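The following note sets out points for a colleague who has the model at hand.

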Amino acid sequence: MKTSKTYAGIPEMYSKIEQSKIVLIPVPYDGTSTWQKGADKGPQAFLEASENMELYDIETDSEVYKEGVFLADAITENTSPETMVNAVHQTTKQYINKNKFVTIFGGEHSISIGTIRAFNECFNNLSVLHIDAHADLRKEYEGSKYNHACAVYEANQTTNLVQVGIRSMDISEKREMNLDKVFFAHDMVVNEDWMDDAIDQLTDNVFITLDLDAIDPSLLPSTGTPEPGGLFYYETLEFLKKVFSDKNVVGFDIVELCPNPTEKSSDFLAAKLYYKMLSYKFSSNDDTYDTDDALSSINPFSKLSKFKDEDYESI
Ligand SMILES: [Mn+2]
């Protein structure tokens with residue numbers, strides 16, 4: 001995969017690993033998708049759209065790229081779904097251990113088995129906020145437990161899994177569900193408190209796995225399995241902003257962009273959403289940069305994070 005020299009074409013001084021607080025790992029993988037192929041082209045389309053995006057965020061009045069975004073080498077291991085998951089797990093963990101805010105762009109959703117495994121090993125009492133049209137709770141699918149249809153089966157066993165936007169599943173997945181922690185699209189549309197209700201189910205440390213098919217296909221048609229009845233742009237942003245401000249989001253992945261060369265708005269939406277999430281993460285902690293008196297404000301990753309900010313390590 002050809003990757004841009006820097007994420008979003010940002011100046012090189014903001015793209016070096018040492019100075020970057022943020023790491024972006026592309027995983028162009030599409031080994032197990034069942035319908036439309038092409039999620040392996042997702043990271044490239046996302047990076048190209050990102051280069052054409054304004055880097056000042058009006059809403060948060062911030063330029064989050066100045067925190068530094070290191071674009072890691074793409075993970076291209078695809079000998080088998082299992083070896084891909086292991087590679088994602090190891091690489092993600094390496095960057096978490098460098099005290100970076102680690103983000104991953106897929107690829108199809110099976111990559112998240114590896115990302116979630118890494119975050120769960122590095123953070124206490126982890127919640128996984130799974131935003132998706134599909135439940136993805138199958139233990140095995142088409143002979144593999146590393147299939148995209150199984151993306152959060154393991155997370156459901158090992159973390160506090162909260163699912164939002166679900167509108168398609170097999171009846172067998174019902175018995176895996178804790179219904180207090182599942183927010184179905186048809187209920188969300190009539191429950192004006194769904195955002196607070198979902199956030200109430202999360203522990204402090206939260207990893208977000210965002211399948212782009214959670215978004216309504218009228219806004220984002222370029223995804224492997226578009227399902228009607230999805231989230232709209234501003235409600236997605238409102239929800240994410242609340243999560244970032246109320247919880248310690250420790251990282252996130254975005255998956256299942258399946259680009260169509262004649263339809264660029266999906267790529268652009270994915271690029272904007274990624275940048276918005278970074279903007280929410282780092283602007284919500286803005287006030288901590290000015291103070292050095294309280295230990296809790298030293299860490300821009302805030303609250304219960306195991307991160308240490310290298311800039312402040314000597315204090
Ligand atoms: Mn999905």
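1. A residue is taken as buried when 20 or more other C-beta atoms lie within 10 Å of its own C-beta atom. By this criterion, 52% of the 315 residues of the protein chain are buried. The model is a predicted one. The chain contains 8 helices and 8 strands. When contacts between residues at least 6 apart in sequence are considered, 74% join residues at least 24 apart.

2. Nonpolar side chains tend to be buried together in soluble globular proteins. Here the largest nonpolar core comprises 92 residues, and those touching the most other members are Leu24, Ile25, Val69, Phe119, Leu129, Phe207 and Leu212. Helix H8 is the greatest contributor to this core, with 8 residues. Leucine 24 may be inspected individually: leaving aside residues up to four places away in sequence, Leu24 touches Tyr7, Val69, Leu71, Ala72, Thr103 and Phe105.

3. Helix H8 (residues 265-283) also meets helix H7 (residues 233-246), their axes coming within 9 Å and crossing at roughly 30 degrees. The crossing is right-handed. On the H7 side the contact is formed by Leu237, Leu240, Lys241 and Phe244, and on the H8 side by Lys276, Met277, Tyr280 and Lys281. By class, these are 5 nonpolar and 3 charged residues, with no polar ones.

4. Helix H1 (residues 42-51) has an axis that comes within 8 Å of that of H8, with a crossing angle of roughly 75 degrees. Angles of 65 to 115 degrees count as roughly perpendicular, so H1 and H8 are described in that way. H1 supplies Ala45, Phe46, Glu48, Ala49 and Ser50 to the contact, while H8 supplies Asp267, Phe268, Ala270 and Ala271. This contact has 6 nonpolar, 1 polar and 2 charged residues.

5. Most residues other than glycine have a negative phi, and most peptide bonds are trans. Which peptide bond is cis, with omega near 20 degrees? The bond in question runs from glycine 106 to glycine 107. Glycine 107 lies in the loop between strand S3 (101-106) and helix H3 (111-122).

6. Aspartate 61 belongs to the loop between H1 and strand S2 (69-71) and is exposed, because 10 other C-beta atoms lie within 10 Å. Asparagine 99 sits in the loop between helix H2 (81-96) and S3; with 17 other C-beta atoms within 10 Å, asparagine 99 is partly exposed.

Note on methods: Residues numbered from 1 in each chain as written. Predicted model: local features only at pLDDT ≥ 70, side-chain atom pairs only at ≥ 80, totals over all residues. Axes fitted to C-alpha atoms, helices over the stretch in contact; angles between N-to-C directions. Helix = DSSP H or I, 4+ residues; strand = E, 2+ residues; numbered from the N terminus. Left-handed = near helix turned anticlockwise from the far one by under 90°. Contact = placed C-beta atoms within 7 Å. Nonpolar A, V, L, I, M, F, W, Y, C, P; charged D, E, K, R; others polar. Buried ≥ 20, exposed ≤ 12 C-beta atoms within 10 Å, placed from the backbone. Core = buried A, V, L, I, M, F, W, Y, C linked by C-beta atoms within 7 Å. Parallel < 35°, antiparallel > 145°, perpendicular 65-115°, else oblique.
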